[in-house]
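Below is a short note for a colleague who has not seen this structure before.

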Amino acid sequence: MIKFLPSKGILKETKIDFDLLGRICTSIFEQGFDRKINVEVVVWKSKVKEQSTMERTSRSMKYYKMDLDTNGNRRYVFSTILHELRHAFQEYVFNFTHVARFASYNAYYNSKEERDARKQEKLTTEVMKIYDSFKKAEEKFERFNLKELG
């Protein structure tokens, strides 16, 4: 299970239901990788403008901290979450733990781990559509009072 643990500031700023996003990501990635995934991600607001990061917070491959840049539109935020989540998968699924210091932005941009993480961003549209459809269904369930008989 992929579990996001967002700060109050992130919840307020993004207005994203991280429990729902975690369930969607769990379903997509467990099926895609054909294995169970057990990852917990604490999500904080990035203190560095236009920069998001993901780092493992314990020796266990399970716990991660995401510093999320929220200075963009909704699509940018979803895309960034997927990008940073891929960095966790690089360690958790593929045992790739290369930590490098890059001589230039070009070296960083063309590095194996960044090229790979950008590939996962291609799921942004589909993840957002699933998320929005689910939220719309929740709203209709409530509006049509389907919790009660009658």
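1. A term first: helix axes are lines fitted to C-alpha atoms over the stretch in contact, and angles between them run from 0 to 180 degrees between N-to-C directions. The model discussed here is a predicted one.

2. Overall make-up. The chain contains 6 helices and 4 strands. Going along the sequence, their order is β-α-α-β-β-β-α-α-α-α.

3. Helices α2 and α3. Helix α2 covers residues 18-33 and helix α3 covers residues 74-92; their axes come within 13 Å and cross at roughly 50 degrees. Because angles between 35 and 65 degrees are neither roughly parallel nor roughly perpendicular, α2 counts as oblique to α3. The crossing of these two helices, α2 and α3, is right-handed. On the α2 side the contact is made by Phe18, Leu21, Cys25, Phe29 and Phe33, and on the α3 side by Phe78, Ile81, Leu82, Leu85, Arg86 and Phe89. Sorted by class, this contact of α2 with α3 has 10 nonpolar residues, no polar ones and 1 charged.

4. Helices α2 and α6. The axis of α2 also comes within 10 Å of that of helix α6 (residues 124-143), and the two cross at roughly 130 degrees. That angle makes α2 oblique to α6. The crossing of α2 past α6 is right-handed. From α2, the residues Leu20, Leu21, Arg23, Ile24 and Ile28 meet Val127, Ile130, Tyr131, Phe134 and Lys135 of α6. By class there are 8 nonpolar, no polar and 2 charged residues in the contact of α2 with α6. Leu21 is listed in the contact with α3 and also in the contact with α6.

5. Helices α3 and α5. Helix α5 spans residues 112-120 and packs on α3 at an angle of about 125 degrees, with the axes 8 Å apart. At that angle α3 is oblique to α5. Here too the crossing, of α3 and α5, is right-handed. The α3 residues in the contact are Leu82, His83, Leu85, Arg86, His87, Phe89 and Gln90, and those of α5 are Glu113, Glu114, Asp116, Ala117, Arg118 and Gln120. The contact of α3 with α5 has 4 nonpolar, 4 polar and 5 charged residues.

6. The largest pocket. What volume does the largest pocket have? The value is about 960 Å³. Its lining consists of 32 residues, and those nearest the centre of the pocket are Ser52, Glu84, His87, Tyr108 and Glu114. By class, the lining of the largest pocket has 11 nonpolar, 11 polar and 10 charged residues.

7. Which elements supply the lining of the largest pocket? At least two residues each come from β3 (53-56), α3, α4 (105-109) and α5. Helix α3 gives the most, with 9 residues. Two of the residues nearest the pocket centre, His87 and Glu114, are also listed in the contact between α3 and α5.

Methods: Residues numbered from 1 in each chain as written. Predicted model: local features only at pLDDT ≥ 70, side-chain atom pairs only at ≥ 80, totals over all residues. Heavy atoms only, no water. Parallel < 35°, antiparallel > 145°, perpendicular 65-115°, else oblique. Left-handed = near helix turned anticlockwise from the far one by under 90°. Contact = heavy atoms within 4.5 Å. Nonpolar A, V, L, I, M, F, W, Y, C, P; charged D, E, K, R; others polar. 1 Å grid on protein atoms, 1.4 Å probe; cavity = no way out; pocket = protein on both sides within 12 Å on 5 of 7 lines; lining within 4 Å. Points joined across faces, edges and corners; volume = space filled by probe spheres on them.
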